[in-house]
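Hi everyone, thanks for having me. Please have a look at the picture with me, and we will walk through it together.

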Amino acid sequence: MKKLLIASTALVMVAGAAAAEVKLSGDARMGVMYNGDDWNFSSRSRVLFTMSGTTDSGLEFGASFKAHESVGAETGEDGTVFLSGAFGKIEMGDALGASEALFGDLYEVGYTDLDDRGGNDIPYLTGDETLTAEDNPVLLDTYSAGAFSVAASMSDGKVGETSTDDAQEMAVAAAYTFGNYTVGLGYEKIDSPDTALMADMEQLELAAIAKFGATNVKAYYADGELDRNAARAVFDLTPVLAAATAVDHKAYGLSVDSTFGATTVGGYVQVLDIDTIDDVTYYGLGASYDLGGGASIVGGIADNDLPNSDMVADLGVKFKF
C-alpha cells in the first residue's frame, strides 16, 4: 500500500509538471557601503519563486514572490499574480502603477541602489506601495498592439480585505515606440479617504526613452499636486498640524548609461521642485563590470543638495542565480 501511494504521488507530480511549472531563482550581493559617516560591510541573499502555467485555451497564468515575502504574498501585500492572453496582461498584488509599468525608472546606481539620497526612482504617485496602505493590492492591466502600449492601474480604496477606507489610487498611461525611440504620457491620481487629514493628489508625466547603439537615454517631466505634509516629508520637515492642503510641484530628470564591452557606466540627475516649500536635486554615478556567469562588480556614488546630507557610496559583487 505504501509503495502504491508513493508511486501514485510521483505520477501526480509528473502529470502536474506538464501543466504548470515552479521555478527557483535568486540573487545575492556582498561588499561595502559608505553611509555618509562610516564604511560598513553589506550583504544580502534572496530566493525568488516563479510559478507559471497555461490553460487548454492558451491563456497564461502565474505568480511570483520572494521567500521573505511569503507571508505578505498570501494577502497581496507582496508578490504578484497574473493572467495574460490576447487581451493583454492583468496583474494583481504589489504591482506597479500604470506609468511606472510603461516608463520604468532612471538608471540604477550602485549595487545597493543607494536610495538613501533620493535614488534613481522617478517620483510616481501610485503602485508599488507608494502612498497607499502596504496591504492594499493594486490591479494593473497592460496591453500592446504594434508600436502602441497602454496601461491602467487602480486600488480598491480599502485597507486589506476590510471595509476601512484607504486612499484610492488610479493611473493610466500610453506609450508609442518608433525604431529606437519611445515617448509616453501618464496620469496618476490619489483620492484621499479624509481630505481633512490628507489632500487629494494628482500628477501628469511625460517620458522619452532612446537608444543610440550601446547607449541608453531616458528623460521625464512630471507636474501636479502633492499633499503638503507628504511633500514636507521629502525634506524631513515637521508635519503641519492644520487642515490638509495640496501644493503644486514639478519633477524632471535624466539618466544616461553606456556599455563598452563588459563595462557599463551610467548616471542620473533629477530635480523635485515644490511650491512654497523647497527644491532638491538628486544625482548619482556608477559603473559595473560583467564577470560572466551571472556575476558582476558594481559600485556607485549618490548625493543630493539637502542640508546636512552627505554623499553615500558602495562597491561590491552581485550574483544572479
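Here is a question to start: which residues does Ala 196 touch, not counting residues up to four places away in sequence? The answer is Ala 242, Ala 243 and Ala 244, where contact means heavy atoms within 4.5 Å.

Before I go on, a word on where this comes from. This is a predicted model, in which local features need pLDDT of at least 70, side-chain atom pairs count only at pLDDT 80 or more, and totals for chains, interfaces and linings use all residues. Residues are numbered from 1 along each chain as its sequence is written, and side-chain values use heavy atoms, with hydrogens and water left out.

Back to Ala 196. You will find Ala 196 in the loop between β9 (181-191) and β10 (201-212). Helices (H or I, at least four residues) and strands (E, at least two) are DSSP runs, numbered from the N terminus. Ala 196 is partly exposed, at a relative accessible area of 47%; buried means under 20%, exposed over 50%, and partly exposed in between, with a 1.4 Å probe and protein chains only. Ala 196 and Thr 245 are 49 residues apart in sequence, and in space their C-alpha atoms are 8.1 Å apart.

Now let's zoom out. The protein chain has four helices and 16 strands. Its radius of gyration is 22 Å, close to the 20 Å from the globule rule for 321 residues, so the chain is as compact as a globular protein of that length. That radius is taken over C-alpha atoms, and the rule is 2.2 Å times the number of residues to the power 0.38. Along the principal axes, the C-alpha atoms fill a box of roughly 75 × 50 × 45 Å. Of the 321 residues, 36% are buried. Taking contacts between residues at least 6 apart in sequence, 50% join residues at least 24 apart.

What about charge? The chain carries 18 positive and 50 negative side chains, and the centres of the two sets lie 9 Å apart. Lys and Arg count as positive and Asp and Glu as negative, while His and the chain ends are not counted. Each charge is placed at NZ of Lys, CZ of Arg, CG of Asp or CD of Glu.

Next, the rings. Rings of Phe, Tyr and Trp (its six-membered ring) pair if their centres lie within 6.5 Å; planes under 30 degrees apart count as stacked, over 60 as edge-to-face and the rest as tilted. By this rule there are seven aromatic pairs. In one of them, Phe 49 and Phe 65 are stacked, 5.3 Å centre to centre with 25 degrees between the planes. Phe 49 sits in strand β2 (residues 39-54) and Phe 65 in strand β3 (residues 60-66), so the pair ties together parts that are 16 residues apart in sequence. Phe 49 is partly exposed at 27%, whereas Phe 65 is buried at 19%. There is also one aromatic cluster, formed by Phe 148, Tyr 176, Phe 178, Tyr 181 and Phe 212.

My last stop is Met 154, in strand β7 (residues 148-155). Met 154 is partly exposed, at 36% relative accessibility. Not counting residues up to four places away in sequence, its contacts include Pro 137, Leu 139 and Met 170.
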